[in-house]
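Me: I'd like to learn how to read surface and pocket features. Can you take me through them briefly?

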Amino acid sequence: MSKFATVGGFAFLIDFALFNYLTSKHGVEELTAKTISTVIAASVAFVGNRFWTWRHRQRNNAAREYALFFFFNAVGLGITVACLAISRYGLGAIWPSVFQTRLADNLASYIVGTGLATLFRFWSYRRFVFVEAGTPTLPQVNPDRDHGA
């Protein structure tokens, strides 16, 4: 878990620094800058996780691992955005002075959302992306088995 956290922390720093560099120094639009910084940070995280965190796991098709990795990153991003939306628009409709603030947005997104998304990513990478040797990726079907016929 500590290797996973180290890789994730490094990727977070890359994402944060690159996003701010692109928006402040080059005037890149925020959504474009966030997309660029996230793809680069996730690519760095993939390499770190593949060759350090999960290096003892079997190597499958690299394209498959990369596609699954980015799919689960997208789900993790959805978890983070959902936490922010619940705070800002759900709870914020009840108490706007508390939940529609920059502090509430940062707590909901970066503390609650990133925390839940990190737990999800750890589980999904371990279970589906960087599988242990001998772990079937699909249920095994025995065609010779008698089905009571």
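Me: Which residues make the nonpolar surface patch?

Reply: First, the ground rules. The model is predicted: local features need pLDDT of at least 70, side-chain atom pairs count only at pLDDT 80 or more, and totals for chains, interfaces and linings use all residues. Numbering runs from 1 along each chain as its sequence is written, and side-chain values use heavy atoms, without hydrogens and water. A nonpolar patch joins Val, Leu, Ile, Met, Phe, Trp and Tyr side chains within 5 Å, each residue having over 30% relative accessible area and no salt bridge. Here Met-1, Phe-12, Leu-13, Phe-16, Leu-103, Leu-107, Tyr-110, Ile-111, Val-112, Leu-116 and Leu-119 make a patch of about 1,100 Å².

Me: Which element gives the largest share of the nonpolar patch?

Reply: Helices are DSSP runs (H or I, at least four residues), numbered from the N terminus. α5 gives the largest share, 7 residues. Met-1 sits in the segment before α1.

Me: Is Met-1 buried or exposed?

Reply: Buried means under 20% relative accessible area, exposed over 50%, partly exposed in between (1.4 Å probe, protein chains only). Met-1 counts as exposed because its relative accessibility is 59%. In α1, by contrast, Phe-4, Val-7, Ala-11, Asp-15 and Leu-22 are buried.

Me: How much space lies in the largest pocket?

Reply: A pocket is an open set of points on a 1 Å grid, with protein on both sides within 12 Å along at least five of seven lines; lining residues have an atom within 4 Å of a point. The largest pocket holds about 1,300 Å³. Of its 39 lining residues, Phe-12, Asp-15, Lys-34, Tyr-110 and Thr-114 are closest to the centre. α1 supplies the largest share of the lining, 11 residues.

Definitions and conventions
Patch = residues over 30% accessible without salt bridge, like charges linked within 9 Å, V, L, I, M, F, W, Y side chains within 5 Å. Areas by Shrake-Rupley, 256 points an atom, 1.4 Å probe, with all protein chains shown as cover. Salt bridge = Lys/Arg side-chain N within 4 Å of Asp/Glu carboxyl O. Helix = DSSP H or I, 4+ residues; strand = E, 2+ residues; numbered from the N terminus. 1 Å grid on protein atoms, 1.4 Å probe; cavity = no way out; pocket = protein on both sides within 12 Å on 5 of 7 lines; lining within 4 Å. Points joined across faces, edges and corners; volume = space filled by probe spheres on them.
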